[in-house]
Amino acid sequence: MPASRPTRSAPPAATPERESVLSLILRGLFWSALIALVLISWSPGELGSVSLSRLAWWRGAPQVTPEALLPTFTPDLNRRVGIISGHWKNDSGATCPDGLEEMKVNHNIALRVQEILRQAGYQVDMLAEFDPRLKGYRALAVVSIHADVCQPDPRLTGFKTAPAKGVNDPAQLENSLHLKRCLDARYAAATGLSYHPHSVSRHMTEYHAFNEIAATTPAVIIETGFLGSDRDLLVNHPDRVAAGIAQGILCYLRNEPITVGTPQP
Ligand SMILES: [Zn+2]
């Protein structure tokens, strides 16, 4: 018998078995890649939320940072004003023989100023003379309210103001001078008091709070009058006094013309 040529089976072309193995490998690779992608997009710091910025390229979407999608809760410094109630929570300030204390006169006025500015839509912080919040305090404006000595001298009548000096920021001086000019004009108009330039003391020009607040915060200290000669105005007409201060602050905040449209009491 001739040796028969050993039969060689034809190479099995793409049997269903081999097809399923190949398919399994491909599927495995696909799922591995998908899981890897999800793990990359899900960093530990973002538990419970997908990093949208990292997925954005995958979707072909524009790049969006997660921060841009979240609401921000920063305090509204654009409406904040600080009022320092002179000597409040510290000492009595100037005193009269009958016991009248400057601190109480100042605070009575400061509360009214706060209310007027609140009604104008501002957030007003009532600050004590050495308030811990003064350190680095940021606001549109700070005004410190004081009154001068109680002496029966008819020459001691009138008000005066002094601006923060802008030691670390020239803009602070510029804005403080603007605030001062507004206060001088509106306060004189509201109260009828004249400016008393000769009694501006170093306690005013070197006022401690000027060195505590943020270098960018404009600030002015006002001595509303003398407890002696101007007592009737300061004690019996605190609304007029407060209106003059509040209108001066609003003149600055609203950038009103200083020489025209001055309100009358
Ligand atoms: Zn004082």
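Q: How are helices and strands defined and numbered here?
A: Helices (H or I, at least four residues) and strands (E, at least two) are DSSP runs, numbered from the N terminus. Residues are numbered from 1 along each chain as its sequence is written. The model is predicted: local features need pLDDT of at least 70, side-chain atom pairs count only at pLDDT 80 or more, and totals for chains, interfaces and linings use all residues.

Q: Where is Tyr-122, then?
A: Tyr-122 lies in the loop between H4 and E2.

Q: Buried or exposed?
A: Tyr-122 counts as buried because it has 22 C-beta neighbours inside 10 Å. The cut-offs are 20 or more other C-beta atoms within 10 Å for buried, 12 or fewer for exposed, and partly exposed in between, with C-beta atoms placed from the backbone.

Q: Which residues is it in contact with, beyond four places in sequence?
A: Tyr-122 is in contact (C-beta atoms, placed from the backbone, within 7 Å) with Arg-79, Val-81 and Leu-117.

Q: What about Leu-117 in H4?
A: Leu-117 is one of the buried residues of H4, which also include Met-103 and Ile-109. The buried residues of H4 pack against strands E1, E2, E3 and E5 and helices H7 and H8.

Q: Changing topic: where is Val-149?
A: Val-149 is in the loop between E3 and strand E4 (160-163). With 16 C-beta neighbours inside 10 Å, Val-149 counts as partly exposed.

Q: And what does Val-149 touch?
A: Leaving out residues up to four places away in sequence, Val-149 touches Ala-94, Phe-226, Leu-227 and Gly-228.

Methods: Contact = placed C-beta atoms within 7 Å.
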